[in-house]
Amino acid sequence: MTETTPHRIVIVGGGAGGLELATALGDKYGKSDNVRVTLVDRSRTHIWKPLLHAIAAGSLRRSQHELNYLAQAHWHGFHYRLGEMVGLDRAAKTITLAPVIDEEGREINPASSLGYDTLVVAVGSVTNDFGTPGAKEHAVPLETPEQATRFNRRMVNACLRAQHQHTPIAPGQLHVAIIGAGATGTELAAELHHTAREIIAYGLDKIDPEHDLKIVLIEAADRILPALPPRISQATLKLLQDLGVEVRTKARVAEVLVDGIRLADGEVVPSELVVWAAGVRAPDFLKDIDGLETSRINQLVVRPTLQTSRDDDVFALGDCAACAIPGYENGIPPRAQAAHQEAEFMLAQIDRRLKGEALGGFQYRDFGSLVSLGKYSTVGSLMGSLVSKSFMIEGYFARFMYNSLYKMHEAALYGRSRTLLSMLSGATRPTPTVKLH
């Protein structure tokens with residue numbers, strides 16, 4: 001490494017882990033001539049993914065939580081490249097970016113390549129519909145802010161349509177079917193129960209929320225929140241049932257229809273809106289990309305150093321990485337806390353790499369899981385090094401812990417002092433002086 005040839009660190013994916021890592025690296029090396037940090041993402045803005053269900057339900061304004069990549073890069077000393085990675089040439093040490101086309105069909109960026117010395121892939125995950133017929137055509141996933149906004153728009157339009165039509169509201173016309181009762185599906189069910197009634201309260205008097213509205217939560221496993229402890233599952237189930245949410249377990253979806261879903265036993269569940277929140281996988285372009293080893297759901301197989309199994313110069317973190325370590329032989333779970341910890345670990349790894357030192361091994365600390373049920377409650381469990389053993393929490397303390405997770409993410413992006421100030425004074429986050437997206 002010389003002053004005329006800086007070490008090129010390219011991070012692909014501006015989700016929680018990728019953006020936190022780019023920000024930290026920019027803060028550390030942004031003024032150095034020996035290191036150049038570039039973040040690549042196909043979007044222009046970042047939103048913390050656990051907030052998407054609230055954007056879909058309409059209880060959270062997207063604009064208040066978006067962070068512009070171009071502005072963040074300017075403030076923190078890294079470079080931002082608008083683009084989508086579609087290929088990799090490990091021999092030449094370049095990634096291929098697809099052309100960027102605007103809404104009017106005009107090219108913003110042509111197809112191009114970008115060189116690297118250290119590549120970190122942090123592209124997250126996408127919805128896994130398991131090839132279910134009709135899922136791509138008729139179900140709305142919740143992977144991006146655009147999809148969450150689309151669902152919210154469709155929900156509001158469905159209510160307006162029901163209010164202004166001349167015929168009676170048909171059975172199933174204002175029903176929402178949520179496929180998958182993991183954290184996203186469960187949180188959305190509770191949030192929708194409240195926000196849909198709020199929409200109707202704004203003068204949509206033709207709709208009877210108790211008679212016309214219905215939310216159905218469908219899970220193939222024998223209980224909701226199957227990845228969490230049974231006590232949390234049971235407490236959440238009771239709350240949803242008390243709200244009037246219909247919960248169906250041991251129910252496998254065979255087909256998504258234009259106006260509902262068909263279960264494996266042949267029953268048709270009518271529904272105006274269908275959300276697919278069951279299962280995740282890494283993006284398709286990663287599958288066997290330039291000979292790298294991948295899992296059955298397209299994740300890049302990485303060693304405890306987070307280096308891919310077949311290339312020391314290519315790292316992966318977050319949902320797109322299959323990292324098996326002691327205690328997690330089937331891989332670290334795809335959670336925001338895992339991406340946050342891996343980003344912190346990668347900062348130290350890159351520092352060691354630049355100094356020519358041996359790399360360390362990642363150790364995941366599971367602090368538990370929390371599920372936000374809108375204004376009704378928050379439930380979860382604390383575990384790991386925080387306490388001696390796992391125990392269940394709910395109510396205000398659980399809500400505080402849930403909000404703390406988001407504050408940790410904000411602190412990584414804006415700094416601890418600014419985040420603390422915003423909590424104490426209500427001050428807003430930094431924003432660019434002109435609109436950049």
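Predicted model: local features only at pLDDT ≥ 70, side-chain atom pairs only at ≥ 80, totals over all residues.
Residues are numbered from 1 along each chain as its sequence is written, and side-chain values use heavy atoms, with hydrogens and water left out.

**Exercise 1. Confidence**

Find what pLDDT the protein averages, and what share of the residues score at least 70.

Solution. Begin with the term: pLDDT is the predictor's confidence in each residue, on a scale from 0 to 100. The average for the protein is a pLDDT of 90, and 93% of the residues score at least 70. Next, turn to residues 384-388, where the pLDDT is below 50 and where the model shows four contacts beyond near neighbours in sequence; a contact means heavy atoms within 4.5 Å.

**Exercise 2. An open sheet**

Work out the order of the strands in the open sheet of three strands, and how they pair.

Solution. Strands (E, at least two residues) and helices (H or I, at least four residues) are DSSP runs numbered from the N terminus, and two strands pair if DSSP finds at least two bridges between them. The order in this open sheet is β6-β7-β10, and the pairing is antiparallel. Its edge strands, each pairing on one side only, are β6 (84-89) and β10 (112-115). On average, neighbouring strands of the sheet are turned by 30° against each other, direction ignored, where axes are lines fitted to C-alpha atoms, for helices over the stretch in contact, and angles run from 0 to 180 degrees between N-to-C directions. Looking at one pair in detail, β6 and β7 (residues 94-98) are joined in the antiparallel sense over five bridges, and Leu 88 has Ile 95 in β7 as its bridge partner.

**Exercise 3. Salt bridges and their surroundings**

Solution. In the pair Asp 290 and Arg 90, the closest N and O atoms are 3.8 Å apart.

For comparison, Asp 351 and Lys 355 meet in a salt bridge of 3.2 Å, N to O, and both lie in helix α9 (residues 336-355), four residues apart, about one turn of the helix. Asp 351 is buried at a relative accessible area of 15%, whereas Lys 355 is exposed at 54%; buried means under 20%, exposed over 50%, and partly exposed in between, with a 1.4 Å probe and protein chains only. Finally, Lys 214, Glu 246, Arg 248 and Glu 267 are linked in a network of salt bridges.

**Exercise 4. Around Thr 149**

Identify which residues Thr 149 touches, not counting residues up to four places away in sequence.

Solution. Thr 149 lies in helix α5 (residues 145-164) and is partly exposed, its relative accessible area being 26%. With those neighbours in sequence set aside, Thr 149 touches Ile 55 and Arg 62. Arg 62 is partly exposed, with a relative accessible area of 22%, while Glu 66 is buried, with a relative accessible area of 15%.

Terms used: Salt bridge = Lys/Arg side-chain N within 4 Å of Asp/Glu carboxyl O.
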